[in-house]
Amino acid sequence: MRETPEELDKLQSLLGSSLSGSTAHLRSIVEGRTITAAQLTGVLTGMCALALSTVTAKGEPRISGVDGHFLHGRWHFGTARNAAKARHLAARPAASVAHMRGEDLGVFTHGTVEELNPEGAETTADWQELLAYLQDFYGDDTFDWNREVVYYRLNPHWMTVYAPDLDKLTGT
């Protein structure tokens, strides 16, 4: 868990406001079957496979898989700079991601992506910290981190979690 107390508070607030503002149908499924922000950050460690949804220039939805890392209360993911999803996100930064583990966990997030390491431009203030984490995870010579891959942070405006049995997720 890499989250500060402030980041956990912000995430908990987001989870609460997202669920309370959801439809009655979604609330009937999730309420009583969710977990706290602190519990969530304890479950979402390492690489989590994400289904990423973007939109084409014609408004057509596209879904693809990415390696997701939940750090500081937000999803981080990357792709090849020449991937279609990179073009979609550059033109239309709204995105949704879903991480599911069978019927035991569903994390659904909508937000706007922020490019962390734009080619030929200044990186975000925290890029070096994230890069060190990614290089430790994948190996520092896996990619040309400056030219081959682009990384994003999904700044969420909505997130909900379905987790009916925390013990199944933590192995306790």
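**View 1. The β1–β2 hairpin and its turn.** β1 and β2 form a hairpin, with five residues between the two strands. Gly59 sits in the turn and has a positive phi of about 80 degrees. This is a predicted model. Strand β1 covers residues 47–55, and strand β2 covers residues 61–71. The two run antiparallel, joined by nine bridges. Strands of a sheet pair through backbone hydrogen bonds, either parallel or antiparallel.

**View 2. The two faces of β1.** In a regular strand the side chains alternate between the two faces of the sheet. On β1, Cys48, Leu50, Leu52 and Thr54 make up the covered face. Met47, Ala49, Ala51, Ser53 and Val55 make up the uncovered face.

**View 3. β1 beside β4.** β1 also pairs with β4. These strands run antiparallel, and three bridges join them. Find Ala51: Ala98 in β4 stands opposite.

**View 4. The closed barrel.** Six strands make a closed barrel in the order β1-β2-β3-β6-β5-β4. The pairing is antiparallel. Direction ignored, neighbouring strands of this sheet are turned by 40 degrees against each other on average. Helix α4, residues 84–91, packs on the sheet. Helix α4 touches β1, β2, β3, β4, β5 and β6. The direction of α4 makes about 60 degrees with that of β1.

**View 5. Helix α5 across the strands.** Helix α5 spans residues 127–138. This helix lies across β1, β2, β3 and β6. Helix α5 runs at about 95 degrees to β2.

Note on methods. Residues numbered from 1 in each chain as written. Predicted model: local features only at pLDDT ≥ 70, side-chain atom pairs only at ≥ 80, totals over all residues. Heavy atoms only, no water. Pairing = 2+ DSSP bridges. Helix = DSSP H or I, 4+ residues; strand = E, 2+ residues; numbered from the N terminus. Axes fitted to C-alpha atoms, helices over the stretch in contact; angles between N-to-C directions. Contact = heavy atoms within 4.5 Å. Buried < 20%, exposed > 50% of the residue type's maximum accessible area, 1.4 Å probe, protein only.
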